[in-house]
Amino acid sequence: MTATRAGTIETLLGSREIVVTCGPGGVGKTTSAAAAGAMAASRIGGRVLVLTVDPARRLADALGLKGIGNEVTEVPAKVFTDAGLPLKGSLHAAMLDTKQSWDALIARHAPDEATRDRILENPLYQNITGRFIQSHDYIAMERLYELHSTGEWDLIVVDTPPTRNALDFLDAPARMADFFSSRLLRWLIAPARSSLLNLASKPFTQIADRILGTQFLSDIAEFFLSMQSMYEGFVDRANAVARLMADERTSFLVVSSSETVPLREAEFFSAELARRKLDVGAVILNKVLPDALSDPGALATAEAIEQRHAELAATLAGPMKVDEAVLDRVLLTVTESYSDFAVVARREAAARERFASEGATLITIPNLEGEISDMTGLGQLGGYLFAG
Amino acid sequence: MATPPLTERSLIFVTGKGGVGKTTIAAGLAQMLANDNKRVLACEIDAKGDLSAAFEIARAAFKPTVISDHLEVMSMDTEASLKEYLRLHLKIPVVGKIGPVAKAFDFLATAAPGVREILTIGKLCWEVREQHYDALVVDASATGHIIGQLAAPQAINDLVKVGLIRSQSDWMLEILSDPAKTGLVIVTTPEEMPVLETIQLSASVRAETTVDLAAIVVNRLLPERFGPREEPVFEALATTAGTKRLSKEVGADTTAIVAAARLATTMRRGRTVQLEALRTGVPGVPLILVPELFQRTDGLRATNQIATHLAEELLP
């Protein structure tokens, strides 16, 4: 638990409006987001919101809530007092339900009820919102934008899907803006709008028609035609979100474990963020094995025990009042176990050094006992986050 | 009805929560089948290059890289898949860059959900139908996205009533729904969150797709260090007095070494509980157990070791 720059996370959480946690899956990203939010509410104060956009629903567990839905839920103050934590501000949580958020978005921005209903009933719309992946990334950004623009929150901590998807998440607004300003989109809906077939769209619609069939194409066209009145709004908001991500109100926390594969992904992600000129506030490494495992002195000691196991067992069995043969096996197993873990610990330490040499602020969190599933655990994790 | 063994299937999807070793297991499974004299194509969906790294080859492309007589590796590329599709089915020859078509496709894939997924699944099913290989092992999307991918042909079927793509999704569904041909493998580690997600995913697979859940691979099991006779002796050694005695005899502080063994036993105990939770949570699905390797790196050596462990579990 060493932070190379003291108080980084605390400063970050006290000075930004949006903090986005990102990184590979299975490394405690969601838990880190929850801990960061909880610590901000506990020690810094203000109205803090933790928004999870990960399709897997883990945040509720970690916050001690029975369940969280699309609507913002306040974490009861009692959860903090029961865990022995102060509460200067308040903590709230929301999970992104793709379908509900889309429906709400359409209802909010549709010009009239007839258009709203036409969109909501379109079979394509139902599929886009219910089943498919990309819409999730976009709606996550819409939701973040909506929540941020209410001005109700001092800090929003956003949890993202695993790495490559988190990149999609970042690209979603730009992609949506491109999409709605696409010439092809105009070609596509042209035939539906007028009986005069736009000449330019002919080759495209012909191929599309052969592959997809006419009915499907006209469903698509009808859908986008209904959505047309809202295009400008989509493009505007998409651009606003992109600006918000890039300006000084927002910072990113890259979360990883120090295992080879997750670390490689985290490095890739940090590089991508830097390339996009987005602010990487810190890199959090979870589940780090104890330093003693890669300590050369301890390694020599383990080797000494391995070499002298029989002699040590003979000397110690008497005073310890245990069977000599069994003690001999135990000593050998202990050194074997040590060297197994030492291999992993050394590999991880080397990878960490490589990461640190690239200039990232590293915060390491030890392998905590058991999974974190309550506020006490979040407080403990938060303590490591704030230490330095 | 007894489901066919995993090793006899021709299309095996491997999924799992990030960080559990999904790619390593997919690579090990492909290697094991190849060692068993099957012609195998390993396919990476996410194009991250992790599968190539597991075989220590340069990043694989859409055109398969030949690793041995029995094993080839490819990386999914929806644009290349579309090109192949146009050439084979519509007799539209596409040479070099497909410029406008690619652009139209990009647009269509964003506008019409499922198009990208269907090109991925379609390519895989096509290889199965043409029997170019005995088995395809797919390093598929992670748990959050696998359902959308596997359910794509069904979704297309619901949306599109006529046209070429409809007839395509029909035969794809036939292959995907046949447990003699297709199976899904979920990789997990015996830890709380991965196990919980595996149980949830198993339920969704059964509710939302027609694909058979063939097996669950439990990766990174820790070895049992102490038997019933050794455990009390270790406990005596791990007391402050016991460790002090050992340190005195060795002539150096042994606290860290004993603590490491304690960490190992605690971790193992926790993992045993999770293994039981998995057995209860997903009854009737075979669990394939793979030990923690304690390796310096991932790569070919790890892949081969995994293949050996999988062979012990899966081959007669």
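Is Q131(B) buried or exposed? Q131(B) is exposed, because 9 other C-beta atoms lie within 10 Å. Here is the rule behind that word. A residue is buried if 20 or more other C-beta atoms lie within 10 Å of its own, exposed if 12 or fewer, and partly exposed in between, with C-beta atoms placed from the backbone.

Two points before I go on. This is a predicted model, in which local features need pLDDT of at least 70 and side-chain atom pairs count only at pLDDT 80 or more, while totals for chains, interfaces and linings use all residues. Residues are numbered from 1 along each chain as its sequence is written, and chains are lettered from A and ligands numbered from 1 in the order in which they are written.

Back to Q131(B). It sits in the loop between α5 and β5 of chain B. Its phi is positive, about 55°, although Q131(B) is not a glycine. E56(B) is another such residue: not a glycine, with a positive phi of about 55°. The loop that holds E56(B) runs between α2 (50–55) and β3 of chain B. E56(B) has 12 C-beta neighbours inside 10 Å, so it counts as exposed.

Now chain B as a whole. Its secondary structure comes to 13 helices and eight strands. Chain B has 316 residues, and 50% of them are buried. Take its contacts between residues at least 6 apart in sequence: 72% join residues at least 24 apart. A contact here means C-beta atoms, placed from the backbone, within 7 Å.

Next, the sheet of chain B. It is open, with eight strands in the order β3-β4-β2-β5-β1-β6-β7-β8 and mixed pairing. The edge strands are β3 (65–66) and β8 (287–291) of chain B, each pairing on one side only. Pairing requires at least two bridges found by DSSP between two strands. β3(B) and strand β4 (residues 71–75) of chain B run antiparallel, joined by two bridges. There, V66(B) faces E72(B) of β4(B).

What packs on this sheet? Helix α5 (residues 115–130) of chain B does, touching β1 (11–16), β2 (40–44) and β5 (135–139) of chain B. The direction of α5(B) makes about 165° with that of β5(B). Helix α9 (residues 192–208) of chain B lies across β6 (182–188) and β7 (213–221) of chain B, at about 160° to β6(B). For these angles, axes are lines fitted to C-alpha atoms, for helices over the stretch in contact, and angles run from 0 to 180 degrees between N-to-C directions.

α5(B) also has a helix partner. It packs with helix α7 (residues 152–159) of chain B at about 125°, with the axes 9 Å apart. That angle makes α5(B) oblique to α7(B). The cut-offs: under 35 degrees is roughly parallel, over 145 roughly antiparallel, 65 to 115 roughly perpendicular, and the rest oblique. E117(B), I118(B) and I121(B) of α5(B) make the contact with A152(B), P153(B) and I156(B) of α7(B). By class, that is five nonpolar, no polar and one charged residues. Nonpolar covers Ala, Val, Leu, Ile, Met, Phe, Trp, Tyr, Cys and Pro; charged covers Asp, Glu, Lys and Arg; the others, Gly among them, are polar.

On to chain A. It comes to 18 helices and eight strands. Of its 388 residues, 47% count as buried. Strand β4 (residues 90–95) of chain A is largely enclosed by the rest of the structure, because five of its six residues are buried. Strand β2 (residues 47–52) of chain A pairs with β4(A) in the parallel sense over six bridges. V48(A) stands opposite L91(A) in that pairing. Strand β3 (residues 73–74) of chain A pairs with β4(A) in the antiparallel sense, over two bridges. E74(A) has H92(A) of β4(A) as its bridge partner.

Last, a helix pair in chain A. Helix α15 (residues 296–307) and helix α17 (residues 324–357) of chain A pack at about 150°, with their axes 9 Å apart. α15(A) is therefore roughly antiparallel to α17(A). Residues meeting there include L299(A) and I305(A) in α15(A), and L331(A) and Y338(A) in α17(A). By class, this contact has seven nonpolar, two polar and one charged residues.

How values were computed: Helices (H or I, at least four residues) and strands (E, at least two) are DSSP runs, numbered from the N terminus. Two residues are in contact if their C-beta atoms, placed from the backbone, lie within 7 Å.
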